Amino acid sequence: SIDKLIGKDYTRARIGIDRPADKDNVAGYVLKDFTKIQLDSIPQILATIDEMIDSFSTMPLNQIQANFSKKIIPWKN
């Protein structure tokens, strides 16, 4: 665990993958293959991650959280 290696005083970025409506289907949902739309969205998602990482040197954490915590999932538009 990272906590065991460096302690608990660090900032982390979490990237969510969404969730199924039925909580009993979580394992199947997260382990299934990407759809074509999801695969096509990967470059946009990676660009957002890159933008977020760059912002760590220019913005306070609360602003980063506000800017990136509600990004729209490309395939749900």
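Biologist: Why are Asp-40 and Lys-36 separated by about one helical turn?

Modeller: Because they are four residues apart in helix α3. Helices here are DSSP runs of H or I, at least four residues, and strands are E runs of at least two, numbered from the N terminus.

Biologist: What kind of model is this, and how are its residues numbered?

Modeller: This is a predicted model, with residues numbered from 1 along each chain as its sequence is written. Local features need pLDDT of at least 70 and side-chain atom pairs pLDDT 80 or more, while totals for chains, interfaces and linings use all residues; side-chain values use heavy atoms, without hydrogens or water.

Biologist: What makes the Asp-40 and Lys-36 pair a salt bridge?

Modeller: The closest N and O atoms of Asp-40 and Lys-36 are 2.9 Å apart. The rule asks for a side-chain nitrogen of Lys or Arg within 4 Å of a carboxyl oxygen of Asp or Glu, so the pair qualifies. A search of the whole structure finds one salt bridge.

Biologist: Why is Lys-36 called exposed?

Modeller: Its relative accessibility is 59%. Exposed means over 50%, buried under 20% and partly exposed in between (1.4 Å probe, protein chains only). Lys-36 therefore counts as exposed.

Biologist: Why is Asp-40 given another label, and which one?

Modeller: Asp-40 has a relative accessible area of 48%, so it is partly exposed.

Biologist: Where does α3 bend, and by how much?

Modeller: At Ile-42, by about 40°. That bend is the angle between axes fitted to the seven residues ending there and the seven starting there. A proline, Pro-43, follows within four residues.

Biologist: Why is Ser-55 called buried?

Modeller: Ser-55 has a relative accessible area of 4%, so it falls in the buried class. Ser-55 is found in helix α3. Gln-38, Ser-41 and Met-52 are buried in α3 as well.

Biologist: What do the buried residues of α3 pack against?

Modeller: They pack against α4 (61-68). Ser-55 touches Ile-64 and Phe-68, leaving aside residues up to four places away in sequence. A contact means heavy atoms within 4.5 Å.

Biologist: What makes Ile-2, Leu-5, Ile-6 and Tyr-10 a nonpolar surface patch?

Modeller: Patch residues have over 30% relative accessible area and no salt bridge; like charges are joined within 9 Å, nonpolar side chains (Val, Leu, Ile, Met, Phe, Trp, Tyr) within 5 Å. Ile-2, at 51%, counts as exposed and therefore clears that accessibility cut-off. Ile-2 lies in helix α1 (residues 2-6). The patch covers about 440 Å², with areas from the Shrake-Rupley method (1.4 Å probe; for residues, only the protein chains shown count as cover).

Biologist: Why is Arg-14 called exposed, and where does it sit?

Modeller: Arg-14 has 67% relative accessibility, so it counts as exposed. It is found in the loop between α1 and α2 (26-31). Its C-alpha atom is 9.2 Å from that of Ser-69, 55 residues away along the chain.
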